[in-house]
Amino acid sequence: MNGAFPVIAGLVLAVLALVICTVKLKLHPFFALIATSFVFAIVSGMGMEPMLKTFADGMGGTVADIGLVIALGTVTGSLLEKSGAAETMAKTILKITGKKHAALGLAITGYFVSIPVFCDSAFVLLSPIAKRLSRDTKISMTTMAISLCMGLHATHMFVPPTPGPLAVAGILSADLGQVILFGALVSIPVTLVAYLASLYAGKKYYYLPTSVEDTPENQNLPSAMMSFLPILVPIALMLLKTVGSMVKLGGMAAMILNIVGTPAVALLIGLLIAAVGYHNIFPEDKKAWGFDGVIADAMRTAGQIVLIVGAGGAFSGVLKASPLRDILTASMSGVSIGILAPFLIGFLFRTCVGSATIAMVTAATMITPLIDVLGFGSPMGRIIAMLACAAGGMMVFHGNDDFFWVTATTSDMDTSIAYKTLPIISVLQSVTALITVFILSMVLL
């Protein structure tokens with residue numbers, strides 16, 4: 001226990017330092033995350049040299065995983081905005097939802113898109129629409145960003161083939177088809193509670209995006225089909241790759257889908273379509289593809305986002321390299337309180353380590369030997385256990401998760417607003433999920 005205290009104290013002080021640096025001191029998130037990692041290393045006794053190496057490795061790994069996706073998505077978004085495609089998409093969505101329910105439309109979009117597509121990629125891809133909708137409806141961007149982010153977050157946690165729930169279903173030997181069905185069901189109230197909370201947060205922290213330019217009145221707008229294709233095509237390609245792997249498609253078709261369905265390749269294809277759309281509107285713009293054009297401006301924006309997200313991943317890597325994981329595992333090994341056991345394990349690991357996948361998988365791994373003792377031995381019980389792991393893994397969503405920084409940076413959200421809204425709403429989502437899973441357990445077990 002004596003050895004655990006410095007690590008736990010280091011974690012608490014590190015998170016406190018991150019909040020103070022970003023919310024009170026208004027320090028740039030990149031440097032705030034570096035300072036936070038130093039605080040953790042000093043207090044926990046990790047040491048400077050191991051921390052620096054782990055920080056560098058973590059940042060390199062995060063940038064390798066998501067840096068290219070952010071760059072391609074940011075450039076695509078800029079092309080959609082400058083060509084007027086984002087405005088066309090916003091108007092199309094508003095025709096369906098009406099101005100009053102535009103944010104609900106984004107939440108529903110996030111709910112479906114995150115099933116085949118990673119949250120980070122999806123938010124980068126869809127954020128231009130959220131910004132345009134916010135500007136056109138005068139609904140706070142806080143509401144729009146949270147609705148989209150938490151809609152993505154819901155199915156990302158509960159519905160395979162997203163890696164987290166897919167892995168947990170495998171560990172617990174839960175029927176995959178029923179996991180998808182009940183995961184989608186639990187995700188509905190989880191999405192709705194986040195949407196309702198976003199309306200309140202939007203009123204309290206009102207702002208409109210500053211990076212959206214009004215389209216000149218005399219500018220032609222691309223068609224709805226040409227506007228949506230740069231987003232729909234990458235999503236469709238990633239979905240096809242996922243379906244192909246699930247049905248164990250082989251041969252040349254599988255090889256092609258594995259290539260074009262990779263997020264970076266799929267987004268590159270979407271970018272090329274967006275570039276064609278931009279050229280159709282501005283055929284005379286010969287500088288767009290050089291160092292002084294629209295792509296160069298977008299790359300400058302993407303560079304800052306990649307650095308912040310990379311630093312967030314690096315901080316998470318520092319936490320993972322510390323004894324924190326072993327300490328949490330040892331402290332929770334004796335927990336045997338039914339549905340709360342996987343929930344609490346998932347909650348602790350997500351809050352402390354930042355990775356939803358690690359939180360869910362750890363919870364599932366730890367309860368597997370106790371599956372019968374906890375009352376989850378039946379086929380339906382295993383599904384309930386899986387959903388409880390995911391419910392705990394939803395919170396607390398904060399600065400040690402790279403998706404937190406993707407959401408804040410790509411939606412022009414001040415870090416202080418992000419810290420005052422996203423963690424709290426993730427707790428609401430998690431508690432809603434726990435209640436829903438508890439009701440299901442009462443009915444089905």
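A crossing of two helices is called right-handed if the near helix is turned clockwise from the far one by less than a right angle, and left-handed if anticlockwise. The model examined here is predicted, with local features requiring pLDDT of at least 70 and side-chain atom pairs pLDDT 80 or more, while totals for chains, interfaces and linings use all residues. Residues are numbered from 1 along each chain as its sequence is written, and side-chain values use heavy atoms, without hydrogens or water.

Helix H9 (residues 176-204) packs on H17 at an angle of about 45°, the axes being 10 Å apart. H9 brings Gln 178, Val 179, Phe 182, Gly 183 and Val 186 to the contact, and H17 brings Met 380, Ile 383, Met 386 and Leu 387 (contact means heavy atoms within 4.5 Å).

H17 also packs with helix H15 (residues 340-353), here at about 30° and with axes 6 Å apart. H15 is therefore roughly parallel to H17 (an angle under 35 degrees), and passes H17 in a right-handed crossing. Pro 342, Phe 343, Gly 346, Phe 347 and Arg 350 of H15 meet Ala 385, Ala 388, Cys 389, Ala 391 and Gly 392 of H17.

Helix H16 (residues 356-367) reaches 17 Å from first to last C-alpha, close to the 16 Å expected for its 12 residues at 1.5 Å a residue. Nine of these 12 residues are buried (under 20% relative accessible area, 1.4 Å probe, protein chains only), among them Ile 358, Met 360 and Ile 367.

Key. Axes are lines fitted to C-alpha atoms, for helices over the stretch in contact, and angles run from 0 to 180 degrees between N-to-C directions. Helices (H or I, at least four residues) and strands (E, at least two) are DSSP runs, numbered from the N terminus. Angles under 35 degrees count as roughly parallel, over 145 as roughly antiparallel, 65 to 115 as roughly perpendicular and the rest as oblique. The expected span of a helix is 1.5 Å times one less than its number of residues. Buried means under 20% relative accessible area, exposed over 50%, partly exposed in between (1.4 Å probe, protein chains only).
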